[in-house]
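Colleague: I have a model open and some labels to check. Can you take me through them?

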Amino acid sequence: MDIRLREVGEDDLEVLFAFEQEPEAVSRSRFPPRDHDRFMAHWRANVMRGDGVLVRAVVVDGTVAGSLVTWDEDDGRRFLGYWLGRAFWGRGIGTAALRAFLGIDRSRPLHADPHEGNTASRRVLERVGFADEGVVLHGAQRHVLYVLR
């Protein structure tokens, strides 16, 4: 399996939009999917061109499998987010892609806060060295704050 990272292009956005709509992914992440126009506007203005944002497409055997992104929060902390299409789950792709991405974005500390019940995402973070810092609330949702120092 050939896993690579590359810059996200306009042609990738429809695939990434479809991944965000997958019911099982939404259930695990507890991240509400955006409608098409909001997704496209957010990615074009904030993710692909945002100050302090680094984003890469995850490509597996020539097929876009997901994305990884880091950004700066207003409080000065740098956060990581990632999303893989369901067909790419459970094959070590997330771990391999995240390891490669951490070689590109060497910012430390780096934070991530997956939903508490998203055990697969939490395992990926732990495999690459993130430490569990405890539960944080986003509204009524319980998330786990992870930090890579």
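Colleague: What makes Asp37 and Arg38 exposed residues, and which face of α3 carries them?
Modeller: Exposed means over 50% relative accessible area, buried under 20%, and partly exposed in between (1.4 Å probe, protein chains only). Asp37 and Arg38 count as exposed, and they sit on the face of α3 turned away from its buried side. This is a predicted model: local features need pLDDT of at least 70, side-chain atom pairs count only at pLDDT 80 or more, and totals for chains, interfaces and linings use all residues. Residues are numbered from 1 along each chain, and side-chain values use heavy atoms, without hydrogens and water.

Colleague: Which residues of α3 are buried?
Modeller: Phe39, Met40, Trp43 and Val47.

Colleague: How do you know that they line one face of the helix?
Modeller: Look down the axis of α3. The buried residues fall within an arc of 105° (taken from the directions from the helix axis to the C-beta atoms). So they line one face.

Colleague: Why are Phe31 and Trp83 called edge-to-face?
Modeller: Ring centres must lie within 6.5 Å to pair; planes under 30 degrees apart are stacked, over 60 edge-to-face, the rest tilted. Phe31 and Trp83 are 6.1 Å centre to centre, with 70° between the planes. Phe31 lies in the loop between α2 and α3 and Trp83 in strand β4, so the pair ties together parts 52 residues apart in sequence.

Colleague: Are Phe31 and Trp83 buried or partly exposed?
Modeller: Phe31 has 31% relative accessibility, so it counts as partly exposed. Trp83 has 18%, so Trp83 counts as buried.

Conventions: Rings of Phe, Tyr and Trp (its six-membered ring) pair if their centres lie within 6.5 Å; planes under 30 degrees apart count as stacked, over 60 as edge-to-face and the rest as tilted. Helices (H or I, at least four residues) and strands (E, at least two) are DSSP runs, numbered from the N terminus.
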